[in-house]
Amino acid sequence: MRHPLRASTALAALIVGGLTPVALTTPASAAPSGLQGDFNGDGYRDVAVAAPFATVGGKDQAGRVAVVYGTASGLDPAKHQLISQDTAGIPGSAEKGDEFGDQVATADLNRDGYSDLVVGAQQEAAGSAQDAGTVVIVWGSKNGLSGGTTVKNPQTLYGSYFGTSIAAADFTGDGKPDLAISAQSDTENPSSWRVRLIRGPFTRSGSTGRVSSYSPGIDRTSLTAGRVDAGTRADLVVTGQKPNGDHLATAVYYKGTADGISKTASLRAATTAAIGDLDKDGYGDLVLGNPEDPADEPSASTGGKIHVIYGTKSGPSATRRVSLTQNTSGVPDSSESGDRFGEALAVGDFDKDGYGDLAVGASGEDFGDDSRYFASAGAITLLRGSAAGLTTTRAVFLTQDSPGVPGALEAGDGFGRTLLASDVNRDGRADLTAAADGENDPEGAVWFLPGASSTLYSPTASTSFGPTKVGLPAHRYSDFGGHLAG
């Protein structure tokens with residue numbers, strides 16, 4: 001919403017192309033951690049920051065991914081890699097408009113104890129087939145990420161956009177992580193989006209397990225993986241638009257099975273999703289975001305809204321569901337058109353109390369008055385988990401005007417456009433990584449907000465960095481932080 005400039009009262013009430021010279025190896029005697037997102041196995045999770053519009057070798061929008069390595073103090077941009085299709089060992093070559101890094105995901109795909117990075121470039125050409133798309137695995141090792149392998153596109157077509165969305169998880173429960181990748185299967189039919197499930201294990205030579213194809217009945221599919229029911233298999237949420245539905249949002253739930261995934265439930269209208277255990281009952285809960293306004297998406301609410309669907313032993317509950325907006329009692333601020341509340345979602349236990357907490361991005365949040373007005377400066381709302389589920393009690397409202405958050409309110413920053421929850425500094429609390437693609441227009445920036453017991457983030461340890469800190473040029477738009485994984 002647009003409101004007078006102020007500090008965040010909710011908190012006040014609580015109060016390049018390779019490795020840098022910094023060594024990234026683990027001790028010779030140490031075994032790799034096996035943690036998701038730990039590319040060099042040192043026990044600290046790392047974060048991949050996509051920059052799909054970055055220029056590479058003079059090729060506009062060829063795309064790069066900046067990998068920032070974790071330490072006991074959090075993310076350290078001095079320890080980074082820049083990866084593109086011109087990096088030695090990475091398949092392909094940088095070309096104008098490829099948008100390498102348009103999607104990123106992580107998993108230990110070859111089961112060597114080091115997490116691997118999965119990178120999509122949906123605009124990549126395959127021979128004469130423009131926009132066929134490609135997906136590349138960049139392999140983790142004790143020295144960090146090194147070398148890459150292309151994931152075979154099972155149906156190379158003009159305009160198939162293979163890699164539009166990517167989710168990495170063990171959907172079959174066999175201990176071998178799989179890849180779910182969305183693409184279009186019939187370019188003459190705009191409603192032909194499919195999910196390809198490529199089973200693990202994956203090898204450097206390019207071999208994989210069996211490939212299956214699923215039709216969710218959703219256009220421009222976005223994929224989110226996580227465990228919902230009582231099983232050991234990951235489940236998949238697919239969000240997007242109804243076919244020929246005048247931009248109507250929709251979502252479906254696929255249950256992981258020994259044979260793949262099985263569509264078992266339709267969900268609330270949504271374009272974003274996150275999965276995590278908010279009430280500590282052992283089942284993953286679904287959080288769905290619908291950030292649009294009713295004029296653009298009829299099922300939406302002004303300023304955006306989120307839905308929480310609680311997990312059960314058999315999957316998403318049919319009855320235990322709740323929706324929240326910024327007008328919900330206890331949620332900081334209030335709903336106004338264009339806020340985009342729910343545009344980004346992340347679940348993690350930020351205060352280490354055993355309950356998953358929720359971060360909600362609203363990149364369109366406005367601030368100020370007629371004399372000083374900052375349109376789309378952006379904000380993040382932190383909501384706590386509890387035995388009763390998600391609660392609005394002691395919610396935290398974060399902006400660049402909040403105590404300890406680096407930066408300052410500026411129009412067009414889009415703070416909170418993308419979010420990632422992961423324990424980087426290995427203190428048992430999830431940390432929040434957040435991006436604003438318009439910060440220091442046109443550069444963009446990333447914030448590292450460590451988890452904390454009372455305030456959910458640490459005002460004294462929060463940091464931020466822009467693209468120049470990881471070797472990208474100044475004063476260039478690269479969509480830095482447009483996607484995060486770790």
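These legends describe close-up views of a predicted model.

View 1. The chain has 486 residues and a radius of gyration of 21 Å. A compact globule of that length would have a radius near 23 Å, so the chain agrees with that expectation. Along its principal axes, the C-alpha trace spans about 55 × 50 × 45 Å. Buried residues account for 59% of the chain. The accessible surface comes to about 17,100 Å². Carbon and sulfur atoms hold 47% of that surface. Charged side chains number 38 positive and 56 negative. The centres of these two sets lie 6 Å apart.

**View 2. Strand β21 runs from residue 357 to residue 362.** Six of its six residues are buried, so β21 is largely enclosed by the rest of the structure. In a regular strand, side chains alternate between the two faces of the sheet. Both faces of β21 are covered. Asp357, Ala359 and Gly361 are buried on one side. Leu358, Val360 and Ala362 are buried on the other.

**View 3. Strand β21 pairs with β20 and with β24.** Strand β20 covers residues 341-348. Six bridges link β20 to β21, and the pairing is antiparallel. Within this pair, leucine 345 stands opposite valine 360. Strand β24 covers residues 379-384. Five bridges link β24 to β21, again in the antiparallel sense. Here valine 360 stands opposite threonine 381.

**View 4. Alanine 359 sits in strand β21.** Its relative accessibility is 0%, so alanine 359 counts as buried. The cut-off for buried is under 20%. Which residues does alanine 359 touch, beyond those up to four places away in sequence? Its contacts are Ala344, Leu345, Ala346, Phe350, Ile380, Thr381, Leu382, Leu419 and Leu432. Ala344, Leu345 and Ala346 come from the stretch 341-348 that forms β20. Ile380, Thr381 and Leu382 come from the stretch 379-384 that forms β24. Valine 396 is 37 residues away from alanine 359 in sequence. In space, their C-alpha atoms are 9.4 Å apart.

**View 5. Strand β26 spans residues 418-422.** Five of its five residues are buried, so β26 is largely enclosed by the rest of the structure. Both of its faces are covered. Thr418, Leu420 and Ser422 are buried on one side. Leu419 and Ala421 are buried on the other. Strand β27, residues 431-436, runs antiparallel to β26. Five bridges join the two strands. One of the bridge pairs sets threonine 418 against alanine 435 in β27.

**View 6. Valine 424 lies in the loop between β26 and β27.** Leaving aside neighbours within four places in sequence, its contacts are Tyr44, Arg45, Val47, Gly70, Thr71, Gly74, Leu75, Asp431 and Phe448. Aspartate 235 is 189 residues from valine 424 in sequence. The C-alpha atoms of these two residues are 24 Å apart.

**View 7. The loop between β27 and β28 holds asparagine 440 and proline 442.** Strand β28 covers residues 445-449. Asparagine 440 is not a glycine, yet its phi is positive, at about 50°. At 42% relative accessibility, asparagine 440 counts as partly exposed. The peptide bond from aspartate 441 to proline 442 is cis. Its omega is near 15°.

**View 8. A cis peptide bond joins glycine 200 and proline 201.** Omega at this bond is about 5°. Where is proline 201 placed? Proline 201 is in the loop between β10, residues 193-198, and β11, residues 211-214.

**View 9. Aspartate 479 has a positive phi although it is not a glycine.** Its phi is about 60°. Aspartate 479 is in the loop between β29, residues 463-465, and β30, residues 484-485. With a relative accessible area of 7%, aspartate 479 is buried.

Terms used:
Residues are numbered from 1 along each chain as its sequence is written. This is a predicted model: local features need pLDDT of at least 70, side-chain atom pairs count only at pLDDT 80 or more; totals for chains, interfaces and linings use all residues. Side-chain values use heavy atoms; hydrogens and water are left out. Helices (H or I, at least four residues) and strands (E, at least two) are DSSP runs, numbered from the N terminus. Buried means under 20% relative accessible area, exposed over 50%, partly exposed in between (1.4 Å probe, protein chains only). Contact means heavy atoms within 4.5 Å. The radius of gyration is taken over C-alpha atoms; the globule rule is 2.2 Å times the number of residues to the power 0.38. Accessible areas come from the Shrake-Rupley method with a 1.4 Å probe; for residues, only the protein chains shown count as cover. Lys and Arg count as positive and Asp and Glu as negative; His and the chain ends are not counted. The place of a charge is taken as NZ of Lys, CZ of Arg, CG of Asp or CD of Glu. Two strands pair if DSSP finds at least two bridges between them.
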